[in-house]
Amino acid sequence: MDDFLEKFFPNIYAKEKSNKDVNQYCKFDNHMLTLFTSSLYLAALVASLFASATTRVLGRKVSMILGGSVFLVGSIFNCIANNLTMLIIGRLLLGVGIGYANQSAPLYLSEMAPSHMRGALNIGFQLAVSIGIFAANLVNYGTSQIKGDYGWRISLGLAAVPAIIMTIGATFLPDTPNSLIERGQPELAREMLQKIRGTTNVNAEFQDLVDATEASKQVQHPWRDILQKRYRPQLVIGVFIPFFQQMTGINVIMFYAPVLFKTLGFGDNASLMSAVITGLVNVFATLVSVFSVDKFGRRVLFIQGGIQMFICQIIVGTLIGKTFGLGGEGSFSILTGNITLIIICLYVAAFAWSWGPLGWLVPSEIFPLETRSAGQSINVSVNMLFTFIIGQLFLSMLCHMKFGLFFFFAGFVLLMTIFVYLFVPETKNVPIEEMNWVWKQHWFWGKYIPDDAVGVIFHNHHVPKPV
């Protein structure tokens with residue numbers, strides 16, 4: 001928004017308003033602007049590491065309440081900001097809130113869900129994220145019409161709404177059975193399990209949780225143990241999936257959609273509107289994955305989505321290259337602009353039913369209980385680290401690599417699709433406590449899993465014991 005740029009980033013504002021032939025690729029290349037965007041992710045990264053301990057010792061629920069409250073303070077800071085320092089402090093607090101929420105919420109969902117619905121419920125988290133992005137796009141579109149100093153203040157201040165909902169909502173949530181057992185309250189845990197499964201017959205699952213907790217109590221140092229050979233498959237996947245999720249280039253499209261569309265010559269309103277459209281596509285495509293993830297499985301979605309994203313990125317890169325060339329001067333005709341918007345929508349859709357939700361779901365369901373909290377923290381940290389790096393570098397990369405940037409991400413998409421095909425086993429409908437069995441069957445990871453790790457869990461199930 002112009003009022004916002006004028007107040008906090010006058011140089012960019014001047015550059016944008018000057019009518020000289022400006023290199024479109026480099027119009028927004030400014031490190032303070034990118035720092036404002038990405039400082040949030042840096043804070044989230046650090047916070048998620050602390051959140052691991054909170055989540056383990058005090059329960060998943062406390063982490064969610066903490067996250068909500070800090071986020072609330074951050075949104076107040078942003079709303080009343082008078083200088084860049086206040087703005088960035090506000091962003092950092094929002095980041096801490098996000099770090100806590102991202103560490104605890106997916107974990108909470110995975111543990112509360114019955115295994116045949118775990119995928120769908122966990123993607124509810126991603127769905128909420130996509131609805132949030134869409135709501136934010138709408139708010140920005142609305143508030144940008146308000147003249148004067150308070151349009152952007154309303155936009156940033158409205159972040160308090162979800163923060164209040166989360167803080168108050170989490171207060172009423174019960175703790176997960178896993179967490180109750182982990183904190184030494186087995187009776188409460190049994191009652192909780194009966195309540196959420198809607199049946200008194202929970203002995204088998206309860207016993208599984210108790211066994212898993214006993215096993216995890218043997219682990220004094222989850223952070224050190226997660227490096228052992230027996231946890232290697234989970235660790236590798238827990239690091240690579242969030243890394244690849246960021247290297248799809250999606251955040252580039254999502255964060256900077258308005259800036260990207262502005263760069264491509266859409267006007268102010270058109271840019272915000274295009275961002276609203278991509279946001280809407282994101283929501284609907286995420287819904288697709290809710291209904292298909294437990295049916296078709298994780299691998300099918302990963303691979304199909306990867307292929308679709310790859311094709312779209314090549315097309316967008318080619319279109320932009322043809323129009324702007326290397327000099328970055330030129331503008332889209334209405335037709336090319338609309339085609340680009342459609343292809344970007346197809347790209348967003350592919351991401352939203354594959355790498356988007358699965359990037360959070362798969363890492364949250366593959367770790368055994370003893371390293372799960374640490375594993376989820378690693379997942380969030382890697383995710384935030386690369387979100388930060390790409391957030392910080394993107395506008396410079398666009399400036400220097402020009403349309404080649406889209407080919408750069410396409411290369412990574414190709415790589416990650418091959419990675420999934422070779423190394424990620426199918427985890428649909430597998431109870432979390434029996435995940436080791438899946439790894440043991442895998443052509444590559446099998447040798448990392450000791451035999452005793454799969455034997456434990458079969459005593460009260462009808463799964464044939466491995467010979």
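A charge is taken to sit over a ring if NZ of Lys or CZ of Arg is within 6 Å of the ring centre and within 35 degrees of the ring normal. By this criterion, Lys 447 lies over the face of Phe 444, at 4.1 Å from the ring centre. The charged end of Lys 229 likewise sits over the ring of Tyr 448, at 5.6 Å from its centre.

The model is predicted, so local features need pLDDT of at least 70 and side-chain atom pairs count only at pLDDT 80 or more, whereas totals for chains, interfaces and linings use all residues. Residues are numbered from 1 along each chain as its sequence is written, and side-chain values use heavy atoms, with hydrogens and water left out.

Aromatic pairs come next. A pair of aromatic rings is described by the distance of the centres and the angle of the planes. Rings of Phe, Tyr and Trp (its six-membered ring) pair if their centres lie within 6.5 Å; planes under 30 degrees apart count as stacked, over 60 as edge-to-face and the rest as tilted. The structure holds 28 aromatic pairs. In one of them, the ring centres of Phe 8 and Trp 152 are 5.2 Å apart and the planes stand at 80 degrees, so this pair is edge-to-face. The pair links distant parts of the chain, 144 residues apart, with Phe 8 in helix H1 (residues 2-8) and Trp 152 in helix H7 (residues 150-157). Here helices (H or I, at least four residues) are DSSP runs, numbered from the N terminus. Both Phe 8 and Trp 152 are buried, where buried means under 20% relative accessible area, exposed over 50% and partly exposed in between (1.4 Å probe, protein chains only).

The rings of Phe 423 and Trp 443 have their centres 5.9 Å apart and their planes at 25 degrees, so they form a stacked pair. Because Phe 423 lies in helix H21 and Trp 443 in the loop between H22 and helix H23 (451-455), the pair ties together parts that are 20 residues apart in sequence. Phe 423 counts as buried because its relative accessibility is 19%, whereas Trp 443, with a relative accessible area of 59%, is exposed.

A nonpolar core is a set of buried Ala, Val, Leu, Ile, Met, Phe, Trp, Tyr and Cys residues joined through side-chain atoms within 4.5 Å. The largest such core has 86 residues, of which Phe 4, Phe 9, Phe 302 and Trp 355 touch the most other members. Helix H18 (residues 334-353) supplies the largest share of this core, 11 residues. Apart from it lies another core, of 27 residues, among them Tyr 108, Ile 181, Val 202 and Val 380.

Leaving aside neighbours within four places in sequence, Phe 9 is in contact with Phe 4, Met 32, Leu 33, Phe 36 and Leu 84. Phe 261, in helix H15 (residues 257-263), is buried because its relative accessible area is 0%. With neighbours within four places again left aside, the contacts of Phe 261 include Phe 266, Ser 271, Leu 341 and Ile 344. Phe 261 and Ser 271 are 10 residues apart in sequence and 5.1 Å apart in space, C-alpha to C-alpha.

Thr 248 occupies the loop between helix H13 (232-247) and helix H14 (250-255). Its relative accessibility is 0%, so Thr 248 counts as buried. The side chain of Thr 248 reaches the backbone oxygen of Gln 245 at 2.7 Å. Not counting residues up to four places away in sequence, Thr 248 touches several residues, including Met 309, Tyr 347, Trp 355 and Phe 409.

Phi of Lys 402 is near 55 degrees, a positive value in a residue other than glycine; Lys 402 lies in the loop between helix H20 (369-401) and helix H21 (404-423). Phi of Asn 429 is near 60 degrees, also positive in a residue other than glycine, and Asn 429 is found in the loop between H21 and helix H22 (435-441). Lys 402 counts as buried because its relative accessibility is 16%, whereas Asn 429, at 40%, counts as partly exposed.

The cysteines remain. With a disulfide defined as a pair of cysteine sulfur atoms within 2.5 Å, the count comes to zero. The sulfur of Cys 312 is 9.9 Å from the closest cysteine sulfur, in Cys 345, which is too far for a bond. Cys 312 counts as buried, at 6% relative accessibility, whereas Cys 79, at 25%, counts as partly exposed.

Technical notes:
Helix = DSSP H or I, 4+ residues; strand = E, 2+ residues; numbered from the N terminus. Contact = heavy atoms within 4.5 Å. Polar contact = N/O pair within 3.5 Å; in protein donor to acceptor, adjacent residues only side chain to side chain.
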